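Morning, everyone. I have one structure to show you today.

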Amino acid sequence: MQAEVKQTDQEVKHAEHSEFVSFTVAGQAFCLKITQIREIRRWSPVTILPHAPADVLGVMNLRGAVIPIYDLSARFGLQQTEASERNVVIVVSVHGKPVGLLAESVSEIISINPDDIQDTPPVDSRNTMEYIQGIISHDDTMVRIINLDAVISAPEQVMP
Amino acid sequence: MSGSIQDTFFEECEELLEATDEGLTAIEGGDHDSEVVNAIFRAVHSIKGGAGAFGLDDLVAFAHRFETVFDEVRSNRLDLDEKLIQLLLRSSDHLSALVEVARDGGQVDEAHHDTLLAALDEYIPEEEEDLTFEPMGLGGPAPMMDLGDLGGAPAEPQEETYRIRFQPLKEMYGTGNEPFFLFQALKDLGELTVTMDENELPGFDAMDMAEAYLAWDLVLVTKETRSKVEAVFEFVEGLCELSIEGDGDAEAEANALAALDAMFSAPPAAETPEPDAGSAVPFEPPVPAPEPEAKPAAAEEKASAPKAESGKQEQRGGPKPTLRVELERVDRLINAVGELIINHSMLAQQIANLNVSDTRDVETELEGFKNLARDIQEGVMAIRAQPVKPLFQRMARIVREASAATGKTCKLVTEGENTEVDKTVIERLSDPLTHILRNAVDHGIEKPEDRESAGKAKTGEIRLSASHRSGSVCIEIKDDGAGVNRPRVKQIAIEKGLIPENAELTDGEIDNLLFAPGFSTAREISNLSGRGVGMDVVKNAVTGLGGRINISSAPGKGSTFTIILPLTLAVMDGMVVSVADQTMVVPITSIVETMRGSDDMINSLGADGTLLSIRGNFVPICDVAGGLGLYRESEQQAGVYLLVETETGQRCALAVDDIHDQRQVVIKSLDGVCGDIPGVAAATILGDGKIAMILDPESIIAASPTAAAFDTERRMSNAS
Amino acid sequence: MKTKVLAIDDSRTIRNLLAATLEEAGFEYHCAVDGREGVDMYPDVDPDVVITDINMPNLDGFGVIEELRGTGINSKVPILVLTTESAPELKARARGAGATGWITKPFDDASLIFALKRVTGAAA
């Protein structure tokens, strides 16, 4: 299952509908704009990075490139995901580098009218707040739109 | 667009500065050949020319002064004595500094700048000094074009009629100037009427082809200023008889008239005065000036062209033809070759898994595949390889600066400048080398008077050499200074708590204390090395490149730093091991030997410490899984030991779960993937497509409490 | 047909600047990296105008002018010299050798085009 999605302009801000991919993380519905997603892969065991924080699962070989894999659930301050074959890795590009995000499963592609996006109501969960840029209602469920830049900050330089 | 041209300029500056340095070094060595001097002159001149285009005024002004002195030298009006050579060397260093500031921003040392300018001025004869050079930014207006616009411009430029008499002298035709083109340029300015005056044209028989007989009377009606009209004739000034008469004759008067016109809102003086001559025609291409027609020699010359071609080949025997390639393209190729090598090991593994009885043929082919892949890899790496020469040349500058700052006299002797090393290695070597050399001048080389009394030459010598040694590159920095002051080093180490007071260390161990973090021998902060970094930073930089650094020293005779680096950064030989169910790679270079341990080899020391006994010697055991914070899920225990030796000569047994095989791995940097991970140097992709961490034994050992404790204990026990 | 320019300069920066300006203005641009190459290239390129630097290895600008003027086939091609200084004696020397005109470095687009206009009649 390798749904290659061609990346186009990130910012489309007119009243036209945009396509979003919705998925579940720790039982909650989230989504990312389809243009932000490079591909979606089935989970396979990753190589552990020693001394890595709990939300960094490790690194994976993506056609010769070493890419880090984050556990979105742990990142959002929810419980850690017990990754298995049923889970998926959503590969996105942040600051020009590919990064993998572990999610429970991909739900569907939904079409969203930008006018329907509501601001995140203030709740007392700092972590989640930072990572969500808005919410929408779809089929009577609340879908959270992820602010990718907030989830993955610019990677630190390693070498001195 | 001008951005990329500016990049080219700075790239070219690098080359030109290198050429300048190289030339000056040759001159310093006694080679005063005129071609060497000329080459430097041209290099500095080119820097000036380019700098002018980008409005880099400081750089232009300094390059100009520098170049002028060189012009004096090449015209044999100045002798290259020692004092001048030193000034030129310092000027060349300063020129590099100016280029750097222009490129990267920052501050120029103003006082130094002025001192050098004044010193250079002393060599410039007075009449040369006011030689004008006005720098002008790219895209700025041409001076000759706007001179006329300077006087307070009236609201609307008014039309003016110029009567121009233009009579070329015969000399003009020898310069390739054509009246026709000048007229075309004039026509751009306004309405032009041309009348040819052929009164002086003799009869056909009396005509001298080389003579100029024709003259033209031109009437130009234009809103442009007089200076623009004159500018058209700039190239033929002195090659023709020229008179330009305006309506008002003087610009000021014209302006006044224009102002008056405007005031009374009278119609502008638009009526074009009739040309004097009756034969006036609207501008048409005039009959071209007489031109020597037949050229019998032409064919002959064409024939001689190939000869010139072959001559060119001979003359360019010097530099080999080169190809400029974007670095990114080479890196893409390197990545592809890396994939190829990984692909080979994947294939090999697949074939091994096939369970076919006879794989001999396939293996032979596979071996060929492997050899080809290696050939390609070596070839590609050779593209990235560059001679260390430019790096060494920069180092000569560092030594000069350091000598000047400390009041010592030293010279840098370089060897093996053509040794080729990977580009990245060269880039990353610059800082450590700079530091070592500054240290050598600051702490190694003695003051001139001390050297004399020690029976040494007044001038200290630092030898910087590069060579290839069985698959690695060896860089050596050797000074003939005082050597490491061991009692002092030891005292400092004790003061800083790096070693216990009663520690008994070998000379080598004391010397290696220089690399200990937080160690710095400078008593007072000196201008040079006291910048808050010690030799530990140097060591980290070298190990970061997968290399090692050693020091050896003889009191009174000097010190030698030896840096051993891998030839390439992309591929290395590694031992594939298992640690806590993870496959990892340990660089072969750091492994002394490997062994399977049995219980009777393991001895406890204290609560947690364990020592491995190897042929009667006890070596601390360092559990890799524990060091990396990993926990074994399976029952398997670490049972295999890799004996490694650190730079300080400390030995340690790295405990891993299992050893698989030794193979070449492609290094994948973790830069930008994750932060710095203690104990991990990089990653690689194995034959099964899985990623494996490449370990850094030094940092694993440094973080291991057992190893550290044992090391201190060993020193303590040596002391008793 | 485009006006052909043969530029001879040992500085890559200057060559790029010339190329950028001239190609933008619609000239056909050829270049050589030193005087010798410039003279060797001349018959093949057969340019409408030559722009040459003065200080160059292998054959300087004066040499270029002398060789081009001396050979007869090219005796009338306009030759513009690039000079850094507006020193009158340099111009006089260049003209003495047979240069048509000069361009003072650093040059801007307008003065470069204007100089070419005056010796070739072409704006491009």
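Start with a pairing in chain A. Strand 2 is joined to strand 10, residues 141–146, by 2 bridges, and the two strands run parallel. Keep in mind that this is a predicted model.

Who faces whom here? A:Phe30 stands opposite A:Arg144, which belongs to strand 10 of chain A.

Now step back to the sheet. In chain A, 5 strands form an open sheet. The order is 8-1-2-10-9, and the pairing is mixed. Which strands sit at the edges? They are strand 8 (105–112) and strand 9 (132–138) of chain A, and each pairs on one side only. On average, neighbouring strands of this sheet are turned by 35 degrees against each other, direction ignored.

Next, zoom in on one residue. A:Ala29 lies in strand 2 of chain A, which covers residues 28–33. Is A:Ala29 buried or partly exposed? It has 18 other C-beta atoms within 10 Å, so A:Ala29 is partly exposed. Buried would take 20 or more.

What does A:Ala29 touch? Leave out residues up to four places away in sequence. Its contacts then include A:Ser22, A:Thr24 and A:Ser107. A:Thr141, A:Met142, A:Val143 and A:Arg144 are also among them. Take A:Arg144. Along the chain, A:Ala29 and A:Arg144 are 115 residues apart, yet their C-alpha atoms are separated by 6.3 Å.

Last, a quick look at chain B. It has 23 helices and 23 strands. Chain B has 720 residues, and 35% of them count as buried. Consider the chain B contacts between residues at least 6 apart in sequence: 71% join residues at least 24 apart.

Methods:
Residues numbered from 1 in each chain as written. Chains lettered and ligands numbered in written order. Predicted model: local features only at pLDDT ≥ 70, side-chain atom pairs only at ≥ 80, totals over all residues. Helix = DSSP H or I, 4+ residues; strand = E, 2+ residues; numbered from the N terminus. Buried ≥ 20, exposed ≤ 12 C-beta atoms within 10 Å, placed from the backbone. Contact = placed C-beta atoms within 7 Å. Pairing = 2+ DSSP bridges. Axes fitted to C-alpha atoms, helices over the stretch in contact; angles between N-to-C directions.
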